[in-house]
Amino acid sequence: VLVTGATGYIGGRLFRKLEKQGRDLRLMARHPEHLSSAADRGIEVTRGDVLDPATLDGALRGVNTAYYLVHSMAVGPDFVRRDREAANNFSNAAHKAGLRRIIYLGGLGDSRDELSAHLASRQEVGRILASGDTQVIELRASIVLGSGSLSFEMIRALCERLPVMIVPRWGMTLAQPISVEDLLEYLLRSADLPGEHSRVYEIGGPDRVSYIDLMREYARQRRLRRSMVFVPVLSPRLSSLWLGLVTPLYARVGRALIESIRNPTVVWDPSALDDFPLRPMGVEEAIARALINEDQEVAQTRWSDAGSVAAAFSPAAKVSYGNRLCDQRMMRISATDKEAFASIVRIGGVNGWYYADWLWRLRGGMDVLAGGVGMRRGRRHPEVLHPGDVLDFWRVEAVEPDRLLRLRAEMKLPGRAWLQWEIKPIGEAEVEVHQTAMFDPVGLWGRTYWHLIYPFHELIFGGMLRAIALRAISERTATGRAAKNEDLGEKASDGPSPTEEYVDDDKKP
């Protein structure tokens, strides 16, 4: 099985599920180095570009089924031509390789309507792929609801950041969203679908809703009070510029998305429910699942890829993951992973927080005044932590010995917060310690709170990471001294002890 677009949102999730099924996998990407972790697990990774036909022959050699999950919407106004060229290249290469089946993810929309350039292009790609000799299973979907998806992140950003929203006419257009979990299940089952003829399946959840309905449901589940002001006209260009200011979307991507929203994207052909043994979840459950699963997805993500105390130190990177805000830091330390982890796992409780302890105590006092737990709980053991343990006003969420410690905040906050350290060996006795403070704000006050306290991060988190490095080096020095003393003791034991030598000859001290 070949997965194209394996570094993308859907492709990245799909290949991990195929891997769990035990499939013989090959991943294709323009930058295969971005899939190094998959290669480390034994998955074949190859360089390939659908716009470069010379790279496709090797990628498709020996392949039975290929997932086509690439598009060019983010490159600018020329995406229609590029997608057409890419589809022709892939169809020709599939014929040459004798490929049995292509599984393609396209977009819903009634072809009898005047479709947006994006939706018309998605359907044109499906027709081009199916024009060759290879069987094509085309799945046409509407809005995908899942943490990290384009539409969901737009809805999230609007609801979280704007107490009052200006809603143009396109916000009332009907769609039939599908959860990312159900979409992946359709893609997985398409590989084993019986039959030899090309088919188009329209897939979606049971609910037909507008973007306004989605924003209201998201706000309800997050307990956010939001007002909406409806305006009759707001052009896609103005809408996209506005989205570019208040959401994570690039303006050009937002414009293509807005132009597509004006077209209803609902299921008219229910044959997918007959041919697939699936009953997709509704909007309410899909949003709830996206919010619940977000913690696990973020935990599985490496928050920073970005040194001895005298080596490299990476200053804070103030970034965001969806709605979450992060303070990321990295330091390279001349120590082993065991020594670095030993200095991290002892933090808090009677050992203190290594730097500016008075500020930690002040924050704990403020928490008590707000009705929280404060810093009174301490820790169960001064040197050992287990998942579920209390650590001052944190709780241990994950521990991987010599690699990772993640804490979840239990103080009073306008949102949720985590503090994580991850250790990455880079040499025989050298590691990178990645420290990340992450905050999931609730509403406008949550974001305001983050920006108000951010100036203190450099003082507290920067000093804490440097103190961790100093302690790791001290741990290494102490370990080396102990080993040296032990070695000297072993050498001394090879001959008579100093006491024995003195007894045997009192002339020798």
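Let's start in helix α13, where Glu339, Ala340, Phe341, Ala342, Ser343, Ile344 and Val345 are buried. Buried means under 20% relative accessible area, exposed means over 50%, and partly exposed lies in between, with a 1.4 Å probe and protein chains only. Helix α13 runs over residues 337-345, and seven of its nine residues are buried, so the rest of the structure largely encloses it.

A word on the model. It is predicted, so local features need pLDDT of at least 70 and side-chain atom pairs count only at pLDDT 80 or more, while totals for chains, interfaces and linings use all residues. Residues are numbered from 1 along each chain as its sequence is written, and side-chain values use heavy atoms, with hydrogens and water left out.

Now the whole chain. It has 16 helices and 20 strands. These are DSSP runs numbered from the N terminus: helices are H or I with at least four residues, strands are E with at least two. Of the 509 residues, 50% count as buried. The chain exposes about 24,400 Å², and carbon and sulfur atoms supply 53% of that. Those areas come from the Shrake-Rupley method with a 1.4 Å probe; for residues, only the protein chains shown count as cover.

Next, helix α6, residues 150-161. How far apart are its end C-alpha atoms? They are 17 Å apart, which agrees with the 16 Å that its 12 residues should span at 1.5 Å a residue. The expected span is 1.5 Å times one less than the number of residues. Helix α6 is mostly covered, with 10 of its 12 residues buried. Among them are Phe152, Met154, Ile155 and Leu158.

On to the loops. Tyr354 sits in the loop between α13 and α14. Its phi is near 70°, which is positive, and Tyr354 is not a glycine. Is Tyr354 buried or exposed? It is buried, at 13% relative accessible area.

Asp392 also has a positive phi, about 55°, without being a glycine. Asp392 is in the loop between β16 and β17 (394-400). At 3% relative accessibility, Asp392 counts as buried.

Asp389 lies in the loop between α14 (357-369) and β16 (390-391). Asp389 is buried, at 12% relative accessibility. A polar atom of its side chain lies 2.9 Å from the backbone nitrogen of His386. That is a polar contact: a pair of N or O atoms within 3.5 Å, where within protein one must be able to donate a hydrogen and the other to accept it, and residues adjacent in sequence count only if both atoms are side-chain atoms. Beyond four places in sequence, Asp389 is in contact (heavy atoms within 4.5 Å) with Arg380, Val384, Trp394, Arg395 and Val396.

Last stop, the second largest pocket. A pocket is found on a 1 Å grid over the protein atoms alone, as an open set of points with protein on both sides within 12 Å along at least five of seven lines; lining residues have an atom within 4 Å of a point. This one holds about 650 Å³ of space. Of its 26 lining residues, the closest to the centre are Arg363, Tyr449, Ile453, His457 and Ile460. Which element gives the largest share of the lining? Helix α15 does, with nine residues.

Terms used:
1 Å grid on protein atoms, 1.4 Å probe; cavity = no way out; pocket = protein on both sides within 12 Å on 5 of 7 lines; lining within 4 Å. Points joined across faces, edges and corners; volume = space filled by probe spheres on them.
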